Amino acid sequence: MTIIGIAGGTGSGKTTVVRKIEEALPPHYVTVVPLDSYYNDTTGMTEEERRAINFDHPDAFDWKLLIEHMRKLRNGEPVEQPKYSYIISNRLPETIHVEPKPVIIIEGIMALANKKLRDMMDLRIFVDTDSDVRLIRNIRRDVVERGRTVDMVLDRYEAVLKPMHEQFIEPTKKFAHVILPWGIKNQMGIHILKTFIEGIVTGVQK
């Protein structure tokens, strides 16, 4: 099994890069594990405490459970992946059944932040996109998909996203085997990555 970690700031284009990699692999060959599924269980918290959670901080994630699941998948065991709801800021009762596959992609802003998880990865990728491009994408997404105003998005960017990116996300670039500049616009870089990963999976790369 090959475990790949793909990190980058909010709005960097990580999801699109993951989709491009999926397209390069045989059908039913890859499972994408969103890091967002592994936010901490907040069942014991009050509604006010949940609203105060900083989802862009490493402490918001249940690293222990994620690492345990990665070990099980690598050992050929299926896992029950949590489903997280931003509406209630907690996990839902139902889970997602995940079977072990040849390629597991862990995708999320903090995918390279935890050393134990990093050490399990065969390939670590950081999608690097200019801050102004990421901000524009955040505005478009949050205004259209989440009903927020531009002022709300900018306030959150200044108070949370920017400082958390600089403190916890940007530094993880040094752990990446590959830094993909310009994000999804880097078609040649994505093509090289797709070819390389396909080679690993099919045994061409040694």
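# A guided tour, starting from the end of helix α7

Select G203 to begin: this glycine follows helix α7 and has a positive phi, near 85 degrees. Helices here are DSSP runs of H or I with at least four residues, strands are runs of E with at least two, and both are numbered from the N terminus.

A word on the model before moving on. It is predicted, so to speak of local features a pLDDT of at least 70 is needed and side-chain atom pairs count only at pLDDT 80 or more, while totals for chains, interfaces and linings use all residues. Residues are numbered from 1 along each chain as its sequence is written, and side-chain values use heavy atoms, with hydrogens and water left out.

**Stop 1: helix α7**

Now select residues 187–202, which make up α7. This helix of 16 residues reaches 22 Å from its first C-alpha to its last, close to the 22 Å expected at 1.5 Å a residue. The expected span is 1.5 Å times one less than the number of residues.

Which residues of α7 are buried? Color G189, I190, L193, I197, G199 and V201 to see them. Buried means under 20% relative accessible area, exposed means over 50%, and partly exposed lies in between (1.4 Å probe, protein chains only). The buried residues of α7 pack against β1, α1, β5, β6 and β7, where contact means heavy atoms within 4.5 Å.

**Stop 2: the nonpolar cores**

Next, show F61, W63, L66, M70, M110 and L117, the residues with the most contacts inside the largest nonpolar core, which has 32 residues. A nonpolar core is a set of buried Ala, Val, Leu, Ile, Met, Phe, Trp, Tyr and Cys residues joined through side-chain atoms within 4.5 Å. The elements giving two or more residues to this core are β1 (2–8), α3 (63–74), β3 (79–85), β5 (103–107) and α6 (150–169). Of these, α3 gives the most, with six residues.

Zoom in on F61. Leaving aside neighbours within four places in sequence, F61 is in contact with L35, D36, Y38, Y39, N40, F55 and M110. Apart from this core lies another, of 17 residues, and V18, V30, V103 and I190 are among them.

**Stop 3: salt bridges**

The structure holds seven salt bridges, each a side-chain nitrogen of Lys or Arg within 4 Å of a carboxyl oxygen of Asp or Glu.

Select E68 and K72, whose side chains meet in a salt bridge at 3.4 Å, N to O. Both lie in helix α3, four residues apart, about one turn of the helix. An α-helix has 3.6 residues a turn, so residues three or four places apart point the same way. E68 is partly exposed at 35% relative accessible area, and K72 is partly exposed at 31%.

Helix α4 (residues 115–119) holds D119 and K115, also four residues apart. Their side chains meet at 2.8 Å, N to O. Are they buried or exposed? D119 is exposed at 52%, and K115 is exposed at 52%.

Then pick K173 and D128, which meet at 3.2 Å, N to O. This pair links distant parts of the chain, 45 residues apart: K173 is in the loop between α6 and β7 (178–181), and D128 is in strand β6 (residues 123–128). D128 is partly exposed, at 23%.
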